[in-house]
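Have a look at the model first, then follow the steps.

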Amino acid sequence: MIDLISRANNENPLAQFDNNFGYYPAKAPSILFAILFGFQLIAIIYNHIRYRVWWPLFLTIGIAFETLGYATRSWLTWNPNTGGSGVGDSMYKCEYACLLIGPIFHAAFVYTVFGRLSRETPRNFTLIKPKLVAPCFFASDIISFLIQVAGAGVLLSASSSSAINTGNAIIQAGLAINLASFVLFLIFCSYFTYCIRKFVKSKAYPWAQYCTLLLWLSAFAILVRQVYRVIEFADGFYGSIAIHEVYFYVFDAVPIFVAGLVWCVFFPERFIYPGFYVATTSVGNETEESKQLNQV
């Protein structure tokens, strides 16, 4: 949507491209990722049915947005010169919105996993109450998204270069808030990981260390994508990053695919469910390690 508005400006140096991208998008990678995310969607739905749980629904929604986004992008690669048509503009807006919203749900899922994991370990392993993790950080993501939408609204009504710059600044502010919130979340994860590594050393508790590893892998992939988006917007709508498609696939498509693939292969319900921690620490007499855990 944002590229659509800004690249319609008379000062647009990419006006020779009769589409909303500012370049001719490649067919092969868009089709490939549409297929890959489609398989991810099938896999995560299968896991929902297999384990009969629906709490990981945030991830399913995020993958569904990504699948629709790349499917729409694939259509646009076959019909690139539709920038001035209603259908072309609508498809572009759909593609842009899906790929913007999808990672928000991926991040929300990571927050949810951390919350459930922290509820199955001693309370002092976390800096805030486990039940507050997912709501607080997801609310931050929603606020960030609404700020970006507000910036897009300014661009929609922009009639001068100063108004366009204002809209761009608002969008960058929303992205910065989102990135800062996620970095704060990673600080909480770091403390939790430190506690796990220090106090959970027995082979009786492998699930805790495995889950933190999966959590970090997924979170790092999301972080890469968020940093890329901030740099992309800071570089400008006509900057080198925005008009070179390879950056989009390397720093957006691949990281988000990895973030979802981790949990499709290692579905969290296999490791995290109510009572897991109790079940692994209440076998026979209380061990010295479980005493340490309860004293943390």
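**Exercise 1.** Work out how α2 and α8 are oriented relative to each other.

*Solution.* The answer is roughly parallel (an angle under 35 degrees), and here's how to get there. This is a predicted model, where local features need pLDDT of at least 70 and side-chain atom pairs count only at pLDDT 80 or more, while totals for chains, interfaces and linings use all residues. Residues are numbered from 1 along each chain, and side-chain values use heavy atoms, leaving out hydrogens and water.

Step 1: find the helices (DSSP runs of H or I, at least four residues): α2 is residues 27–51 and α8 is residues 245–265.
Step 2: check their axes (lines fitted to C-alpha atoms over the stretch in contact, angles from 0 to 180 degrees between N-to-C directions). They come within 10 Å and cross at roughly 20°.

**Exercise 2.** Which residue classes make up the contact of α2 with α8?

*Solution.* Step 1: list residues in contact (heavy atoms within 4.5 Å). Among them are Phe33 and Phe37 of α2, and Tyr249 and Trp263 of α8.
Step 1: sort by class (Ala, Val, Leu, Ile, Met, Phe, Trp, Tyr, Cys and Pro are nonpolar; Asp, Glu, Lys and Arg charged; the others, Gly among them, polar). You get 14 nonpolar, four polar and no charged residues.

**Exercise 3.** Classify the ring pair of Phe114 and Phe185.

*Solution.* Step 1: the structure holds 26 aromatic pairs (ring centres of Phe, Tyr or Trp, its six-membered ring, within 6.5 Å; planes under 30 degrees apart are stacked, over 60 edge-to-face, the rest tilted).
Step 1: for Phe114 and Phe185 the centres are 5.5 Å apart and the planes at 80°, so the pair is edge-to-face.
Step 2: Phe114 sits in α4 and Phe185 in α6, so the pair ties together parts 71 residues apart in sequence.

Methods
Helix = DSSP H or I, 4+ residues; strand = E, 2+ residues; numbered from the N terminus. Parallel < 35°, antiparallel > 145°, perpendicular 65-115°, else oblique.
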